[in-house]
Amino acid sequence: MSTTFGQSTVLGYPRIGGNRELKKAVEAYWAGRIDAAELESASVALRAGVWRTLRDARLDAIPSNTFSYYDHVLDTAVAVGAVPRRFARLGLSGLDTYFAMARGVDAEPALELTKWFDTNYHYLVPEIGSDTVFAANPDKALREYGESRALGIESRPVLVGPATFLLLAKTSTPGAKAFDRMAELVDVYADILRALAAAGVTWVQLDEPAYVADRTTAEIEALRDAYTRLCSVRQRPRIFVATYFGELGDALPALLDTPVEALGLDLVAGPGNLRRLAGAGPLHGKTIVAGLVDGRNVWRTDLRAAIATGAVVTGLADHVAVSTSCSLLHTPVDLCAETALDPQLRLRMAFARQKVDEVVLLGRALRDGTTALPEPLPPAPAAWRDDTVRGRLAALRPGDRQRGDHRQRAAAQQARLHLPPLPTTTIGSFPQTAELRAARAAHRSGRLDDSGYVQRMRAEVEHVIRLQERLGLDVLVHGEPERSDMVQYFGEQLTGFATTEHGWVQSYGSRCVRPPIIYGDVARRAPMTVAWSSYAQSLTDRPVKGMLTGPVTILAWSFVRDDQPIDVTADQIALALRDECRDLQAAGIRVIQVDEPALRETLPLRAAEQAAYLDWAVDAFRLATSGVADDTQIHTHLCYSEFGEIIAAIDTLDADVTSIEASRSKMEVLGDLAAAGYHRGVGPGVWDIHSPRVPPRDEVVEALRRALAVVPAERLWVNPDCGLKTRSYPEVEASLAHLVAAAVELRGR
Ligand code: GLN
Ligand code: ZN
């Protein structure tokens with residue numbers, strides 16, 4: 001049995017399958033089309049496929065337990081017995097209890113879903129209550145280990161580590177923190193380690209990414225204690241603590257102080273880890289797992305630079321292994337499936353499968369000292385460069401990001417819009433019915449020609465406008481029927497963007513997204529939304545709100561070029577949006593919303609880096625929105641709750657009106673905004689559109705009353721939490737009717 005770590009590894013691999021087999025299998029199970037045994041056999045095949053792929057690529061340290069029916073944090077919750085009583089008491093099978101936690105059942109809402117660090121993956125938030133009794137349940141890890149072994153592949157089970165698990169969890173016990181349960185939880189991890197060792201496991205991977213964010217001294221000491229204790233377990237596998245998404249800071253020496261046998265560092269997102277490692281003194285007996293291949297992007301690795309970095313690590317540690325910077329969960333599966341990509345672009349790209357080859361090659365290069373490396377890439381084609389955009393960027397002045405005084409703007413806008421107090425509006429999308437999706441698919445495949453498609457979409461726009469008029473909304477939207485995705489829609493129309501056919505990445509559960517790829521200079525070929533918005537406006541006297549996706553959100557939900565600073569790319573996108581805003585204004589659109597739902601999620605994990613991010617992000621938004629006249633009203637929309645660190649930045653966006661998710665947090669965000677000196681229009685969501693529940697009118701009145709205690713009626717807007725695309729028409733009609741009735745009632749006071 002090998003006790004050395006190996007030369008090359010990945011921290012995880014996509015589990016969805018090359019053709020999204022996982023999605024198809026779990027959705028078939030949920031719909032009752034296949035039973036648990038069929039689901040299990042589909043998943044056995046998927047896992048075997050991944051292990052064989054990794055072995056055949058000659059990766060010599062292969063992870064297991066990275067498969068999941070839904071989410072690996074939920075898997076870890078199950079492995080430590082953290083199944084809340086509200087689910088356990090449903091009396092379902094293990095599998096159905098698991099899916100109940102993930103998706104909810106009639107009687108019980110699901111666990112909360114939230115973003116995994118600064119990625120677009122979402123995990124289920126473990127609930128630790130006073131009734132939670134941790135207990136080891138290593139079945140899944142053992143089963144997967146056994147399966148790989150049966151294939152002749154010795155694998156390394158992966159679990160979320162105890163400290164990160166508790167830092168991600170929430171507790172319902174007042175005054176308590178989940179983290180206070182560390183000592184108990186470590187005992188349970190010790191049991192899991194013993195069970196794994198008994199089954200023959202030689203290495204286990206415990207992921208502690210929470211320590212690349214700012215952590216207190218107490219949290220770092222708890223980490224040190226936890227691993228010191230785990231290492232004292234008599235019969236245990238060797239422990240590899242994996243960290244990723246940034247720099248470990250003071251947690252790095254703390255982990256090195258413990259007897260853990262291997263430590264993984266992200267040297268892509270956390271270059272400072274190298275310096276910290278060098279300062280840590282001799283690393284006797286430790287393996288450093290160097291994350292040299294970016295697990296968050298789709299570009300080929302600069303192998304020469306990676307070898308140079310790897311060589312520095314080799315000089316510091318007894319043993320070095322090469323790995324990806326994080327799990328490959330965040331990259332699409334296999335570039336080979338992309339046959340339609342521009343060859344010049346394809347040449348520069350690597351998906352998960354290609355990144356494995358890079359890791360293997362780097363591992364050999366570091367071991368042998370020399371290896372034949374592929375030719376360096378040729379320079380990017382001249383056509384990817386757009387000197388017009390570059391010239392425009394170079395000529396920008398601070399005034400280009402500055403509108404007139406916002407109070408004067410508000411007056412000019414009101415003189416033009418004549419809105420009542422508490423104006424009502426929605427966030428943009430209306431239900432995406434199966435029929436609409438079918439029409440878009442038919443158009444894409446050529447079964448529906450352009451004019452037929454436009455006709456179909458215009459009919460939908462007209463339907464949505466008439467519905468809003470009938471309901472009595474004040475500022476209307478066209479409903480976004482032509483957009484399957486708010487980023488892809490723009491990516492398809494801008495230069496410098498590519499879209500893939502199969503480049504799916506798991507977002508949560510069975511949901512996958514296909515992020516566009518930004519590879520070159522970005523410019524607008526032609527107006528992107530003007531025809532739809534002006535058609536909608538032609539149908540009604542009420543103002544129709546133009547609808548754009550902001551530069552930060554476009555970046556956040558795309559794979560972004562890494563050959564120039566991100567603020568340059570952001571400004572290029574912003575210029576295209578600025579032109580679009582002007583064209584919308586010229587077409588008679590008086591209100592334009594520029595959505596930035598991702599503003600919060602891309603915030604750097606460490607406070608020290610947040611100001612610089614907010615600077616360029618806010619600058620790009622302002623560049624996009626400052627080209628219009630004072631009497632054109634700019635809205636923005638923010639969602640995915642918790643605005644804490646960006647509350648002050650919301651004011652600096654300088655939008656005239658901000659609609660913001662608030663219904664779950666019961667309007668708390670309004671107090672925070674007021675405290676931060678925000679004196680502009682604000683529309684706190686008064687209907688939680690994530691739930692099928694129709695809010696009763698009195699509940700909306702109540703929410704608005706709470707809002708009115710903080711924000712005067714002249715500045716308060718009435719709107720849902722987010723777009724309505726996932727809701728059904730009956731829910732939308734009933735809810736919006738209540739919303740309008742509530743606004744009208746309060747106006748009368
Ligand atoms: N305008 C978009 C919509 O209504 C906003 C979506 C979002 O915030 N995620 O769908
Ligand atoms: Zn939203």
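Strands (E, at least two residues) and helices (H or I, at least four residues) are DSSP runs numbered from the N terminus, and two strands pair if DSSP finds at least two bridges between them.

Five bridges connect strand 16 with strand 17 (residues 591-595) in the parallel sense. Opposite L548 stands V594 in strand 17.

## Numbering and confidence

Residues are numbered from 1 along each chain as its sequence is written, while chains are lettered from A and ligands numbered from 1 in the order in which they are written. Because the model is predicted, local features need pLDDT of at least 70 and side-chain atom pairs count only at pLDDT 80 or more, whereas totals for chains, interfaces and linings use all residues.

## Hairpin of strands 13 and 14

Strand 13 (residues 505-508) and strand 14 (residues 511-513) run antiparallel and are joined by three bridges. V505 has V513 of strand 14 as its bridge partner. The two strands form a hairpin with two residues between them, and G509 in the turn has a positive phi of about 50°.

## Helix packing

Helix 22 (residues 566-586) packs against helix 23 (residues 607-625) at an angle of about 20°, and their axes are 7 Å apart. Axes are lines fitted to C-alpha atoms, for helices over the stretch in contact, and angles run from 0 to 180 degrees between N-to-C directions. Helix 22 and helix 23 are therefore roughly parallel (under 35 degrees; over 145 is roughly antiparallel, 65 to 115 roughly perpendicular and the rest oblique). The contact (C-beta atoms, placed from the backbone, within 7 Å) involves residues including A570, A574 and L577 of helix 22 and W616, A620 and L623 of helix 23.

Helix 2 (residues 36-56) and helix 6 (residues 139-150) pack at about 55° with axes 10 Å apart, and are therefore oblique to each other. V44, R47, A48 and W51 of helix 2 meet E144, E147 and S148 of helix 6.

Of the 13 residues around ligand 1, I427, G428, S429, P597 and G723 come nearest; a residue is near if its C-beta atom, placed from the backbone, lies within 6 Å. The shell comprises six nonpolar, four polar and three charged residues. Ala, Val, Leu, Ile, Met, Phe, Trp, Tyr, Cys and Pro count as nonpolar, Asp, Glu, Lys and Arg as charged, and the others, Gly among them, as polar.

Terms used: Contact = placed C-beta atoms within 7 Å.
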